[in-house]
Amino acid sequence: MATDNPVESLQEEATCPVCLEYFTEPVTLECGHNFCRACITQCWEGSDTAASCPQCRETVQQRNLRANRQLANVVEIAKLLSLQAAKGARGDGVCERHQETLKLFCEEDQTPICVVCDRSRAHRAHTVVPIEEAAQEYKEKIQAHLRTLREEREKLLGFKEAVEKRSQEHLKEAETKRQKIVSEFQRLRQFLEEQERLLLAQLDKLDEEIVKIQNENVSKLSEQISHLSERISDMEGKCQKPASEFLQDVRSTLSRCEKRKFQQAVEISPELEVRLSGLSQKTIAVMETLRKFKDTLPSALETPRGEPLGAHRQVNVTLDPDTAHAILILSEDWKSVRWGDMRQRLQDNPERFDSDPCVLGCEGFTSGRHCWEVEVGGGRFWAVGVARESVRRKGEMNCNPNGGIWAVRRWWGQFRALTSPVTPLPLSWVPSRIRVCLDCDQGQVTFINAGDGAPIFTFPPAAFSRERIRPWLQVWDPDTWLRLYP
């Protein structure tokens, strides 16, 4: 059927009525209709009777297929004309197979197609829409995704800015601490140098006085020794003389032999001993100052909030009643625990400790750095620390890192870190409130005196393997109670 567009008319004439695509090896039947050789062969396949034309149904007595070379040439010309027309109208939007303009979009295959593709078997059952309509629909979908991506980018930019800001604050804080440390150590060096010069000068003066006394004593003693040596020699010579001569003037000889009081050596004066003792006391005072300065070093590295640089995040923790041993009594706010007068009748669930009087915190952590404080008061039988989620609840426990527990314990007059074996700690280090610091990423647990910020004990790094780590408390004494802060 003729159309207003001669190119489209030519395309229709060059299209096989069976496959609806350009002829491939066109052949002509006796009725004059043309088909692709493969298409007509497939139509007649399996038929032992007289074949018919697929288009006009006229019976064909002989299957004599004649190649239509002229039509093959026309098909090539039609392809070229279609390609040129498509390029002129839409640039490169041309079907590679049919050289037709890509005017449609196949929803199933998600690809642009031409009108010939739409009529072909490959797309005949598919949902096809105009390409402009499909483009608009997908543009709207992509715009929606773009809005989401832009929002995510803005969030990430905000996070990046916040991280950079915090990093700058930490760097600024670290620089302040660095300057403070340099200043403190410079002051310490000046103090030590001044004390060294003063003490050494005083010692040099004492050395001079001691040497002077020594020289005077040596001189006097040498003189007296010489005098005695002369007298001894004189007496020995007198004894060698004959009796008559020896007895002459014997009274005078005896008088010279009488013991005389010799001048004693001059000893170090009491005033000098006092000065030596004073130097010793000054040295002790300097050492005491150094010890105090050393004790203040940890606090010099703390932030104004009293938290270590690169601080752990303070968290509000509570106690889990489902894990508490039956002898323990929890407060209504789940913040305090004490020893009860008698064992409670509680459900023996799998989470509850049934041997040691322990309780876990409700909160658990798998990453990040966290800290909380526990008031221990004046109790004498308690333990404070953290435990793995998988810590043993039933039967005898192994209260050390091998058993999944990192803690410090007060027991009578002893204070220990529950390592394996235990590490004794000075009893004077027992605070009234302990800060528990947990670094899940580094696998480290640290205990700090919450009152003055002095470190108590840091356990060696452990492999938490992303297991949930929870606060852990233990009470053994009716007069002991523990309370979580804040």
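The conversation below goes through the backbone, the aromatic rings, the nonpolar cores and one asparagine.

Visitor: Before we start, what kind of model is this?
Guide: This is a predicted model, in which local features need pLDDT of at least 70 and side-chain atom pairs count only at pLDDT 80 or more, while totals for chains, interfaces and linings use all residues. Residues are numbered from 1 along each chain as its sequence is written, and side-chain values use heavy atoms, with hydrogens and water left out.

Visitor: Which residues does the cis peptide bond join?
Guide: The cis bond joins serine 420 and proline 421, with omega about 0°. Proline 421 lies in the loop between strand 16 (414-417) and strand 17 (423-425). Helices (H or I, at least four residues) and strands (E, at least two) are DSSP runs, numbered from the N terminus.

Visitor: Why mention that bond at all?
Guide: Because most peptide bonds are trans, and most residues other than glycine have a negative phi.

Visitor: What is phi at glutamate 25, then?
Guide: Phi of glutamate 25 is near 50°, a positive value in a residue other than glycine. Glutamate 25 sits in the loop between helix 1 (6-13) and strand 1 (26-28).

Visitor: Is glutamate 25 buried or exposed?
Guide: Glutamate 25 is exposed, at a relative accessible area of 55%. The term buried means under 20% relative accessible area, exposed over 50%, and partly exposed in between (1.4 Å probe, protein chains only).

Visitor: And what about glutamine 110?
Guide: Glutamine 110 is not a glycine, yet has a positive phi of about 55°. Glutamine 110 is partly exposed, with 44% relative accessibility.

Visitor: On to the rings. How many aromatic pairs are there?
Guide: The structure has nine aromatic pairs. Rings of Phe, Tyr and Trp (its six-membered ring) pair if their centres lie within 6.5 Å; planes under 30 degrees apart count as stacked, over 60 as edge-to-face and the rest as tilted. One of the pairs is phenylalanine 105 with tyrosine 138, edge-to-face at 5.5 Å centre to centre and 65° between the planes. Phenylalanine 105 is in strand 6 and tyrosine 138 in helix 5 (residues 131-239), so the pair links distant parts of the chain, 33 residues apart. Phenylalanine 105 is buried, at 10% relative accessible area.

Visitor: How are phenylalanine 381 and tryptophan 411 arranged?
Guide: Their ring centres are 5.2 Å apart and their planes at 85°, so the pair of phenylalanine 381 and tryptophan 411 is edge-to-face. Phenylalanine 381 is buried at 8% relative accessibility, whereas tryptophan 411 is partly exposed at 34%. Ring pairs link Phe381, Trp411, Trp412 and Trp476 into a cluster.

Visitor: Which residues have the most contacts inside the largest nonpolar core?
Guide: They are Trp372, Leu473 and Leu482, in a core of 36 residues. A nonpolar core is a set of buried Ala, Val, Leu, Ile, Met, Phe, Trp, Tyr and Cys residues joined through side-chain atoms within 4.5 Å. A second, separate core has 18 residues, including Val18, Phe23, Cys39 and Leu71.

Visitor: Last topic: where is asparagine 349?
Guide: Asparagine 349 is in the loop between strand 11 (336-339) and strand 12 (358-360), and is buried at a relative accessible area of 10%. A polar atom of its side chain lies 2.9 Å from the backbone nitrogen of arginine 352.

Methods: Polar contact = N/O pair within 3.5 Å; in protein donor to acceptor, adjacent residues only side chain to side chain.
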